[in-house]
Amino acid sequence: TSNREYFSLFFGLISFFIIGLYDDKYNLSANKKLSVIFFLLLFLILIDENLLITKLYFSFFSNDIELKKFSYFFTILSILLFLNALNMFDGINLQVGFYSLTIFLIFISKNIFPIYTFIFILTISYFLIINFQNKGFLGDNGTLVLGFVISYFLIKSYNLNASFTPEEIFVILSIPGLDMLRLFIYRLLDGKNPFTSDINHMHHLISRRYNNIIAFLIIQGLIVFNGILFYYIDEKLIVLLLNISSYILIFLIFKKECVKNLEDYQR
């Protein structure tokens, strides 16, 4: 690992922590936060070219997809979307912490940045204890740091030693991503800003019918189920379709819990 790569990792970590901390305290507007993160990611990619996604190779396509001029846009957009999805996923205790721990356990099983990964596993494990006790919360700085590190490790391992395939990355990140996509579409169709807050996240829907623990168990169970499908079914296109279908099925089961207007619900 070169000095430039170390710099990109630690400068990114510190920068995302500061941005998140500032956002937690002063509540940055979505546009300002996106702009700052966009230019930060561009800076990091310019420093470390191994953070740039230049091609995609799916098992069900015979040829690689060369991104060429769209490489920078695709890479930054992918990271931005995951950062936002992880932030939106952080709605109940344990959810993002346990989800992140699962991803880092996958990293350690593939020997990806083993020392750093082990440190994050220990840190997240301790956080889960205090989060369960309602004594500590991630906030925006926590989700931004975790989102950046996960993105960094995934892209690096994908580019340098092909430890992950695009299908595997999709499966790992799909539940927060699909929930974000559904919410964005729902808000846009409702004439709202896609970054508007609401209480129609998947964990909200399940919690309203049951409770936060049941919501946590169902969502984490869905993530694990999709992972099992990926590792035991050879036809990856089928896996991706089943992955999307399983999310849609859970949503349809709890669709009646959607709230049209937050103010009406609070009354």
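This is a predicted model: local features need pLDDT of at least 70, side-chain atom pairs count only at pLDDT 80 or more; totals for chains, interfaces and linings use all residues.
User: How many helices and strands?

Analyst: There are 11 helices and 2 strands. Helices are DSSP runs of H or I with at least four residues, strands are runs of E with at least two, and both are numbered from the N terminus. In sequence order the pattern is α-α-β-β-α-α-α-α-α-α-α-α-α. The radius of gyration is 18 Å, close to the 18 Å from the globule rule for 267 residues, so the protein is as compact as a globular protein of that length. That radius is taken over C-alpha atoms, and the rule is 2.2 Å times the number of residues to the power 0.38.

User: What box do the C-alpha atoms fill?

Analyst: Roughly 55 × 45 × 40 Å, along the principal axes.

User: And contacts: what share joins residues at least 24 apart?

Analyst: 71%, among contacts between residues at least 6 apart in sequence. Contact means heavy atoms within 4.5 Å.

User: Switching to α6. Is it mostly covered or mostly open?

Analyst: Mostly covered: 19 of its 23 residues are buried. Helix α6 runs over residues 139–161 and should span 33 Å at 1.5 Å a residue; its end C-alpha atoms are 33 Å apart, which agrees. The expected span is 1.5 Å times one less than the number of residues.

User: What follows α6?

Analyst: Ala162, with a positive phi near 50°.

User: What about α4, which residues are buried there?

Analyst: Gln95, Val96, Gly97, Tyr99, Ser100, Leu101, Ile103, Phe104, Ile106 and Phe107. Their cover includes α3, α5, α6, α7 (166–189), α8 (202–209) and α9 (212–232).

User: How far apart are the end C-alpha atoms of α4?

Analyst: They are 21 Å apart, and the 15 residues, 95–109, should span 21 Å, which agrees. Asn111 follows α4 with a positive phi near 60°.

User: Now Lys68. Where is it found?

Analyst: Lys68 is in the loop between β2 (65–66) and α3 (71–89). Its phi is near 50°, positive in a residue other than glycine.

User: Buried or exposed, Lys68?

Analyst: Lys68 is exposed, at a relative accessible area of 68%. Asn134 also has a positive phi, near 65°. Asn134 sits in the loop between α5 (114–132) and α6.

User: Last one, Glu5. Buried or exposed?

Analyst: Glu5 is buried, with a relative accessible area of 9%. It lies in helix α1, residues 3–26.

User: What does Glu5 touch?

Analyst: Leaving out residues up to four places away in sequence, Glu5 touches Asp48, Asn50, Tyr152, Lys156 and Leu160. Glu49 is 44 residues from Glu5 in sequence, and their C-alpha atoms are 8.8 Å apart.

Terms used. Residues are numbered from 1 along each chain as its sequence is written. Side-chain values use heavy atoms; hydrogens and water are left out. Buried means under 20% relative accessible area, exposed over 50%, partly exposed in between (1.4 Å probe, protein chains only).
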